[in-house]
Structure formats: structure tokens, C-alpha cells
Amino acid sequence: MVEFDSQGQAISIEEKPKQPRSNYAVPGLYLYDSSVVTITRNLKPSARGELEITDVNVEYLRRGQLHVHRLSRGFAWLDAGTSSSLHEASAYVQTIEKRAGLKIGCPEEAAFRRGFLSLERLEALTARMPRCEYREYLVEVVAEAKRLGRK
């Protein structure tokens, strides 16, 4: 759990506290610089006998180098650490995709919509894909963009 100050800066992080200081969980998506190697070499195993990622984050916090980004409304974090939770996450994604008619986790579409990929490049990438549901989805993304005059 991560606690924020009034300016939105992380001020504490705890692994599964009995009395959480906030409602913000750390879902497990981390990006580190090269100093993470030194930090992890100096970690001691926890009571569970494991090196804890929370301890890495606490060290970055101690150094004043931790940057935590809150996910806004509309984001969902799905645990997939067990076979049951993986199945539940898969069913959730399938339901959302079917009801919304959109793919979740489609990097080509995301890159195109953010302007990192041109329509021409998206179309070329799509054409090289084997015939499958994912390719057909991207074919529709390309067709819609053309109908709307996007480039």
C-alpha cells in the first residue's frame, strides 16, 4: 500500500499492512533505472525468505527517487498469480471486449491513436499478420480511420 501527502507525492509504502494508511495499492508495474541492481544486491530476505519488491520501492522512496503514478478511473488491475485468478482475469477481459467491441491490450491500435504510428504503417503491419481475430480487429481499426479521414 502506498500513502500520499497533500501534494500527491508518495510518502510511505508497506507490504500488506494490517492497518493500511491509504486505499492505494501498488499493482506491480515497475520501471527502474540501473541503480536497481545495486539496491537488490543489498536486500535481505523477508520473513517469508524472499526478496521483496516493496523493499526496492522503499529504498527509492528513501533516496527521494520514487515516482508513483496513480491510475485514473477506468483502469482495472487484474491479479493473475494463480490459475483461478488467471481464468477470472481472462473472462473479465473477454466480457469487456465483447460488450465494448474493443480490444484490450492492442499496442498497434494504441500507438496509432496516440500518433506514434501512421495509418499507412498500421495498415502495413496489419497486412503482415496471419489471419486471425486480432488481425481482423486491426483491419476494422484501419477501415474506420479511413472512413473518418485520419492519417
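**Figure 1. Helices H5 and H6 run roughly antiparallel to each other in this predicted model.** The axes of helix H5 (residues 119-128) and helix H6 (residues 133-147) come within 10 Å and cross at roughly 155 degrees. Angles over 145 degrees count as roughly antiparallel, and the pair is therefore placed in that class. The crossing of H5 and H6 is left-handed.

**Figure 2. Residues at the contact of H5 with H6.** On the H5 side, the contact involves Leu 119, Leu 122, Glu 123, Thr 126 and Ala 127. These residues meet Arg 135, Leu 138, Val 139, Val 141, Val 142, Ala 145 and Lys 146 of H6. Sorted by class, the contact comprises eight nonpolar, one polar and three charged residues.

**Figure 3. The largest pocket and its lining.** The volume of the largest pocket is about 880 Å³. A total of 26 residues line the pocket, and those nearest its centre are Val 26, Pro 27, Leu 29, Val 68 and His 69. Strand E1 (2-4) and helix H2 (53-62) are the elements that give two or more residues to this lining. The lining residues of the largest pocket divide into 18 nonpolar, six polar and two charged.

**Figure 4. The largest cavity and the residues around it.** The model has one cavity of 30 Å³ or more. About 30 Å³ of space lies within the largest cavity. Its lining is formed by Met 1, Val 2, Glu 3, Ser 12, Glu 14, Arg 21 and Ser 22. By class, two of the lining residues of this cavity are nonpolar, two are polar and three are charged.

Technical notes. Residues numbered from 1 in each chain as written. Predicted model: local features only at pLDDT ≥ 70, side-chain atom pairs only at ≥ 80, totals over all residues. Heavy atoms only, no water. 1 Å grid on protein atoms, 1.4 Å probe; cavity = no way out; pocket = protein on both sides within 12 Å on 5 of 7 lines; lining within 4 Å. Points joined across faces, edges and corners; volume = space filled by probe spheres on them. Helix = DSSP H or I, 4+ residues; strand = E, 2+ residues; numbered from the N terminus. Nonpolar A, V, L, I, M, F, W, Y, C, P; charged D, E, K, R; others polar. Axes fitted to C-alpha atoms, helices over the stretch in contact; angles between N-to-C directions. Parallel < 35°, antiparallel > 145°, perpendicular 65-115°, else oblique. Left-handed = near helix turned anticlockwise from the far one by under 90°. Contact = heavy atoms within 4.5 Å.
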